[in-house]
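This report describes selected local features of one protein model. Please consult the sequence and structure shown below while reading.

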Amino acid sequence: MADRTPWSLSGALRGMFQKRTIDDETWDDLETALLKADFGPTVTEQVVDELRANVQRYNTTDPRDLQRMLRETMEERLSKYDPTLKLTERPAVVLVVGVNGVGKTTTIGKFARFLKTYQRTVVVGAADTFRAAAVEQLATWAERAGADIVRPQHEGQDPASVAFQTIERAKANGTEIVIIDTAGRLQTKGGLMDELGKIRRVIEKQAPVAEVLLVLDATTGQNGLAQADAFIQHAGVTGLVITKLDGSAKAGFVLAVQEKTGIPIKLIGQGEGINDLTGFTPHVFAQNLVG
């Protein structure tokens, strides 16, 4: 019977490091595994070249040395960016952006839950007013997370006015953190960026924007990054949220996306449940990946 276990980078590496020696096949296998895990050709080449140089420098043929070196390389590269969420303002306003279909609405619910576990009070603003289904879905997730929600007062209400009302509610109630959902698609890309700019200007009349988080779907990898390019260019993104990072088949995307954009990953989602969004810790991520 065929093996139905899904491929994972950690599994592929485990097999590689259990061999007796480092040989040509090791390097071929390592390069193939990194490419398959969506590190992209540039990062893969850099990592393999660096490891080859280190193996030569320390004159080792022990795969366990290679494992340690790979873990250290990953950790060092992942740690170049600060994953800390900047949420000290009161209220701290977080804009959440991303193309439709990446799991933006569910991510907001999970993020609200994540903040509630740190005893923070949260209100969510449903400013994606172009999709009635998005408002309903967000309301369901906010309720599950135990967060307050401000909905549009009528269909097609101006998103900026919903954002404004959400901050008003936060200030009136002394709520610590505001999360604003935004549209992932309008008829024109220019229109979408103009809309985001307007939301931001309206918010900043009342409170500074603490974070602009871009949600990316790990399973779409580099393609998803290309789709989200307009947000990176125009939306003032301060942090990335990587969703659907189940297993480690696309783990390389985490490193590749930081290096490509220069924007830190702040949260990762590794499952469907409401508690499955966590802060990003480079050391732990590298350890889990490489062993």
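Ala134, Val135, Leu138, Ala139, Trp141, Ala142 and Ala145 are the buried residues of helix α6. The model under discussion is predicted.

Helix α6 covers residues 132-145, 14 residues in total. From its first C-alpha to its last, α6 reaches 20 Å, close to the 20 Å expected at 1.5 Å a residue. Glycine 146 follows α6 and has a positive phi, near 80°.

Strand β6 (residues 239-243) is mostly covered, with 5 of its 5 residues buried. In a regular strand, side chains alternate between the two faces of the sheet. In β6, Gly239, Val241 and Thr243 point one way, whereas Leu240 and Ile242 point the other way, and all are buried.

β6 pairs with two strands. Strand β5 (residues 209-217) runs parallel to β6 and is joined to it by 5 bridges. Strand β7 (residues 265-269) also pairs with β6 in the parallel sense, over 3 bridges. Isoleucine 242 takes part in both pairings: it is the bridge partner of leucine 216, and it stands opposite isoleucine 268 in β7.

## Aromatic pairs

How many aromatic pairs does the structure hold? There are 3 aromatic pairs. The rings of phenylalanine 114 and tyrosine 118 form an edge-to-face pair, because their planes lie at 65°, with the ring centres 5.3 Å apart. Phenylalanine 114 has 14% relative accessibility and therefore counts as buried, the cut-off being under 20%. Ring pairs link Phe114 and Tyr118 with Phe111 into a cluster.

The rings of phenylalanine 280 and phenylalanine 285 have their centres 5.5 Å apart and their planes at 65°, so this pair is edge-to-face. Are these two residues buried or exposed? Phenylalanine 280 counts as buried because its relative accessibility is 5%. Phenylalanine 285 is likewise buried, with a relative accessible area of 10%.

Key:
Residues are numbered from 1 along each chain as its sequence is written. This is a predicted model: local features need pLDDT of at least 70, side-chain atom pairs count only at pLDDT 80 or more; totals for chains, interfaces and linings use all residues. Side-chain values use heavy atoms; hydrogens and water are left out. Helices (H or I, at least four residues) and strands (E, at least two) are DSSP runs, numbered from the N terminus. The expected span of a helix is 1.5 Å times one less than its number of residues. Buried means under 20% relative accessible area, exposed over 50%, partly exposed in between (1.4 Å probe, protein chains only). Two strands pair if DSSP finds at least two bridges between them. Rings of Phe, Tyr and Trp (its six-membered ring) pair if their centres lie within 6.5 Å; planes under 30 degrees apart count as stacked, over 60 as edge-to-face and the rest as tilted.
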